[in-house]
Amino acid sequence: MADIKETNEETADTARPLEKVEMKGMTDEDRARIASMSYEDARDQLTAIVDKLQRGGLSLEDSLRYWQIGEALATRAQALLQEVRSQLDAAREQQQSGAQHAGTQLG
């Protein structure tokens with residue numbers, strides 16, 4: 001333990017200040033492209049990104065960017081699915097309402 005403490009004290013005087021590194025994440029262009037994607041395109045792109053991340057070998061910066069894009073793709077796909085669910089629910093309600101009034105005469 002004493003050796004580690006001595007080594008840390010020696011390097012503390014000679015250590016250079018850390019440079020601020022700006023990580024490049026998702027771009028505005030990425031966001032716009034994702035916002036206009038169909039469900040199928042978002043799903044396929046997400047699958048490809050998951051494969052890349054699982055294979056590894058990416059730099060930290062690339063991994064971060066792919067992760068952010070993957071999150072945005074998943075959010076887009078979920079929003080599109082929710083939109084379709086809402087439309088289906090509305091169609092079912094309309095169909096049930098129509099079935100309740102079938103065979104009745106108004107007037």
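Tutor: The protein has four helices and zero strands, and from the N terminus on its elements run α-α-α-α. This is a predicted model, where local features need pLDDT of at least 70, side-chain atom pairs count only at pLDDT 80 or more, and totals for chains, interfaces and linings use all residues. Residues are numbered from 1 along each chain as its sequence is written, and side-chain values use heavy atoms, with hydrogens and water left out.

Student: What makes a stretch a helix or a strand here?

Tutor: Both are DSSP runs, numbered from the N terminus: a helix is H or I with at least four residues, a strand is E with at least two. Helix 2, for instance, covers residues 28–35 and holds aspartate 30.

Student: Why is aspartate 30 called buried?

Tutor: Buried means under 20% relative accessible area, exposed over 50%, and partly exposed in between, with a 1.4 Å probe and protein chains only. Aspartate 30 has 5%, so aspartate 30 is buried.

Student: Which residues does aspartate 30 contact, leaving aside neighbours within four places in sequence?

Tutor: Arg65 and Ile69. Contact means heavy atoms within 4.5 Å.

Student: What makes a set of residues a nonpolar core?

Tutor: Its members are buried Ala, Val, Leu, Ile, Met, Phe, Trp, Tyr and Cys residues, joined through side-chain atoms within 4.5 Å. The largest such core has 10 residues in all, among them Met26, Ile49, Tyr66 and Ala77. Helix 3 (39–55) and helix 4 (60–101) each give two or more residues to this core, and the largest share, five residues, comes from helix 4.
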